[in-house]
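This report goes through one protein model, from its pocket to its sheets and selected residues. Please keep the sequence and the 3D view open while reading.

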Amino acid sequence: MIISFIAYSIYLYQNISNGKVTDFTGTEQRVNQELELSTIDQISRYHGTDYFHVVEGQTTDQEDVMIFVNQSDQEADLIVFSKGEWVTEAQIIDNWEEQTSYQKKYQTQYGIRNGTPLMEIVYLDQNGRLSYDYYRLDNGEYDSGISFANKSK
């Protein structure tokens, strides 16, 4: 029975991983059809009001770009930003670390809300709450945040 459970877990993990890669392949094909990119460096996911694939790459002119591909609405236009017009991730993180008291930083990722590109910072605050802070990439300012109480204490 234990062996069956382990085998099923491995099967399930592989199917989920393959589904993610297949989704990213479709996004990569769409971006390459609609834009002139020389490279795609990374594709990630952002789950906000809508579900987006976030594509980081370079144009044929060597401009670093960020492309948001709406997965909730396949007919929606690609949303393209030049990263050169943004505050850098390092600047936002430095600012956040100066202003925030936290136990552990889990991850950062790019996102979008109402057409505004954001950086999401996920962390455990000093009170043991899972917290999400959002900073605007166009000017580096704090946009919003949310924390979830730890009910097990």
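## Largest pocket

The largest pocket has a volume of about 150 Å³. The model is predicted: local features need pLDDT of at least 70, side-chain atom pairs count only at pLDDT 80 or more, and totals for chains, interfaces and linings use all residues. Residues are numbered from 1 along each chain as its sequence is written, and side-chain values use heavy atoms, with hydrogens and water left out.

The pocket is lined by Tyr-46, Gly-48, Thr-49, Asp-50, Phe-52, Asn-70, Ile-79, Ile-112, Arg-113, Asn-114 and Gly-115. Four of the lining residues are nonpolar, five polar and two charged. Here Ala, Val, Leu, Ile, Met, Phe, Trp, Tyr, Cys and Pro count as nonpolar, Asp, Glu, Lys and Arg as charged, and the others, Gly among them, as polar. A pocket is an open set of points on a 1 Å grid over the protein atoms alone, where a 1.4 Å probe fits, with protein on both sides within 12 Å along at least five of seven lines; lining residues have an atom within 4 Å of a point. Grid points are joined across faces, edges and corners, and the volume is the space filled by probe spheres set on the points.

## Overall layout

The protein has two helices and eight strands. Along the sequence they follow the pattern α-β-β-β-β-α-β-β-β-β. Helices (H or I, at least four residues) and strands (E, at least two) are DSSP runs, numbered from the N terminus.

Of the 153 residues, 35% are buried. Buried means under 20% relative accessible area, exposed over 50%, and partly exposed in between (1.4 Å probe, protein chains only). Among contacts with a separation of 6 or more, 32% join residues 24 or more positions apart. A contact means heavy atoms within 4.5 Å.

## Sheet β1 to β4

Four strands form an open antiparallel sheet in the order β1-β2-β3-β4. β1 (37-47) and β4 (79-82) each have a single partner strand, so one side of each is left without a neighbour in the sheet. Neighbouring strands are turned by 20° against each other on average, direction ignored. Axes are lines fitted to C-alpha atoms, for helices over the stretch in contact, and angles run from 0 to 180 degrees between N-to-C directions.

β3 (residues 64-70) pairs with β4 in the antiparallel sense over four bridges. Two strands pair if DSSP finds at least two bridges between them. Met-66 stands opposite Phe-81 in β4. In the loop between β2 (51-59) and β3 sits Gln-62. Its phi is near 65°, a positive value in a residue other than glycine.

Ile-67 belongs to strand β3. Is Ile-67 buried or exposed? Ile-67 is buried, at a relative accessible area of 0%. Beyond its neighbours within four places in sequence, Ile-67 contacts Val-31, Leu-35, Leu-37, His-53, Val-54, Val-55, Leu-78, Ile-79 and Val-80. Its C-alpha atom is 6.5 Å from that of Glu-56, eleven residues apart along the chain.

Glu-28 is in helix α1 (residues 2-34). Glu-28 is partly exposed, at 36% relative accessibility. Leaving aside neighbours within four places in sequence, Glu-28 is in contact with Ile-40 and Ile-43. The C-alpha atoms of Glu-28 and Val-55, 27 residues apart along the chain, are separated by 8.1 Å.

## Sheet β5 to β8

A further open sheet has the strand order β5-β6-β7-β8, with antiparallel pairing. Its edge strands, β5 (102-113) and β8 (142-148), each pair on one side only. The twist averages 20° from one strand to the next. Helix α2 (residues 89-99) lies across β5, β6 and β7, at about 135° to β5.

Ten bridges join β5 to β6 in the antiparallel sense. Lys-104 stands opposite Leu-124 in β6. Seven bridges link β6 (residues 116-125) to β7 (residues 130-136), also antiparallel. Leu-124 stands opposite Leu-130 in β7.

Asn-114 lies in the loop between β5 and β6. Their hairpin has two residues between the strands. Most residues other than glycine have a negative phi. Asn-114 has a positive phi of about 50° although it is not a glycine. Asn-114 is exposed, with a relative accessible area of 79%. Asn-114 is also one of the residues lining the largest pocket.
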